[in-house]
Amino acid sequence: MTEPRADIDPITTSVVQHRLVGIVEEMGEAMLRTSYSQILNSSRDFSMAICAADGDLVAQAEHIPVHVGAMPWATRAVVAYFGEDVHPGDVFLLNDPYFGGSHLPDVTAFVPVFAGDRLVFWTVNRAHHSDIGGATHGAYNAAATEIWQEGIRIPPIRLADRGKTREDLLHMLSINVRHPRDFLGDLAAQTGSVHLGERRLQALIGEFGADTVLAAVSQILDGSERQARAVISTWKEGTYRGEAPLDDDGRGNTDVVVRATVTIKGGGISVDLTESSPQVTSFINSSFANMRSGVAMAIAFLLDKEIPKNEGSMRPIEVVAKEGTVVWARPGAPVTLCTSHCSQEIVEAIVDAIAPACPDRAMAGWGKRFRLAIKGTYPGSDRPFIWHMFHARPGGGASPGGDGWHSSGEWHSAGGLKFGSVEVAEARFPLFFETHEFRPASGGDGQYVGGAGGELRLRLETAQDAVVNTAGEGARVPSKGRAGGEDGAVHLYTMHPPSGEPVVLKTKREGLQVPAGSVFHVQSAGGGGWGDPAKRTAEDRAADTRAGLPPLAQR
């Protein structure tokens, strides 16, 4: 980064900072309005960022935390691969977890931003595609034993060369997915949004000059670092340990644990994950970039919300990890579930460790992801569909500041993923939502109770049988209570076929046949409670009763 000029004033720095945030937010709005897939234009499973020429994170919008923490590593992978061979009008692409990606469904688009002949920024868009090829629909292949069974791998590639799209490469990518129309439409939305960011940055540079903008960015990052260190310096110094178990690896192994040793000293933090379980033959393994994102999320959740989440605020953090563990798998291992799990367990283990050092900041555990991906055909035609369930979200963890948010989703998304309109889902897919409401008695009890999970009864209105894949956690291991608070309820998903016995769904299942007319009864997990339940006020207990949402311990 350019060193800050002595004459740049705080007002200019603040204006540039807010302009940068405005640019990434506008990029997100463009993506929302132009993408094709329900997973993007309804559930908003995408994120935007501006990175420096070397890949450092400069600005982000409040989208999906697990995306943003990994995007600098993806940008650095592009920089490392192409070096100086980057030109105005280029568009780059990647999804490979072993080249800076998180997991294969998350395709990342990059556009370089120049000031004259000098590369100064990258605009970046990461978006989760509904299908990315592989052995089964929807990318989450619980049966995968290697990454090649999970989808097409895209290392850093140049999709457009000096303004001209490489149509042969685009064609090669699109024929490797099950829904090429949606893939191409969503990819066009991604490239459109990063080009929009490029234009807005060039306008900013034209207004202030490249040197002034870069100097302001340097001050923004330095200021974020100072603010982060100031907060960390108030935490009790020492070495702390925490852990977070997973349900299983889908193959009968229930001894999979993320372990964190955290040392706080002198306004800095060292996070050591080397004692985590060895990697497994399952998609719960994490890529390196995803692991680094999990660490960044955990610390960001404990800092003041006003501190910009950028490269500066992450400078106080040192990360130690070992390749070959579940948090950092060796190349070739399957990793598709990692952006949900084990990323959430990385967060939980770190927060569990740090909680004694900053008890006024540490939240209870959030509900975990348990997704369904249904593949079928529309009635009266052979036209296929893939529907990803983002409804009936689990509850958020309670905190020292209050109750957890009802049905707000998982810790790794922190409310960024939306369940979208029930009516739109019914209009676009052969589905009928019989009920969709909060789940009573699911949040963990405490002085502040965990957020309630969701409860959904969903009927499949296809003429032919369908297939469902499941991918998730939290049917065995609950959302952890904090500071004397109780754990939340675990997930319970049941499929009721038109005839025969109900089937309790496992969290990792591939290719389960779904008879037409079946009803899914989804009861999602609640968040953990915070604090001694005896300290919850009578007024709050009465409010719980009026809302019909007593905590788990008050059944």
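Helix α4 (residues 71–82) lies across β1 (46–52), β2, β3 (91–94), β4, β5 and β6 (157–161), and runs at about 125° to β5. Contact here means heavy atoms within 4.5 Å; axes are lines fitted to C-alpha atoms, for helices over the stretch in contact, and angles run from 0 to 180 degrees between N-to-C directions. Helices (H or I, at least four residues) and strands (E, at least two) are DSSP runs, numbered from the N terminus. The model is predicted: local features need pLDDT of at least 70 and side-chain atom pairs count only at pLDDT 80 or more, whereas totals for chains, interfaces and linings use all residues. Residues are numbered from 1 along each chain as its sequence is written, and side-chain values use heavy atoms, with hydrogens and water left out.

Helix α5 also packs on the sheet, where it touches β3, β6 and β7, and its direction makes about 130° with that of β6. The order of strands in this open sheet of 7 is β2-β1-β5-β4-β3-β6-β7, with antiparallel pairing; two strands pair if DSSP finds at least two bridges between them. The edges are formed by β2 (57–60) and β7 (164–165), each of which has a single partner strand, so one side of each is left without a neighbour in the sheet. Within the sheet, β4 (residues 106–115) and β5 (residues 118–128) pair in the antiparallel sense over 10 bridges. The bridge partner of F114 is L119 in β5.

A loop between α5 (167–174) and α6 (180–208) holds N176. This residue has 36% relative accessibility and therefore counts as partly exposed; buried means under 20% relative accessible area, exposed over 50%, and partly exposed in between (1.4 Å probe, protein chains only). Apart from neighbours within four places in sequence, N176 is in contact with I132, G133 and I152.

An open sheet of 4 strands, in the order β8-β9-β10-β11, shows mixed pairing. Its edge strands are β8 (238–245) and β11 (317–320); each has a single partner strand, so one side of each is left without a neighbour in the sheet. From one strand to the next, the twist averages 20°. Strands β8 and β9 (residues 257–265) pair in the antiparallel sense over 8 bridges, and G242 stands opposite A260 in β9. Helix α10 (residues 343–354) packs on this sheet, touching β8, β9 and β10 (268–272), and its direction makes about 145° with that of β8.

The structure holds 11 aromatic pairs. Rings of Phe, Tyr and Trp (its six-membered ring) pair if their centres lie within 6.5 Å; planes under 30 degrees apart count as stacked, over 60 as edge-to-face and the rest as tilted. W366 and W405 form an edge-to-face pair, 6.0 Å centre to centre with 80° between the planes. W366 lies in the loop between α10 and β12 (370–377) and W405 in the loop between β13 (384–388) and α11 (422–428), so the pair ties together parts that are 39 residues apart in sequence. W366 counts as buried at 4% relative accessibility, whereas W405 counts as exposed at 56%. One aromatic cluster is formed by Y81, F82, F92 and W122.
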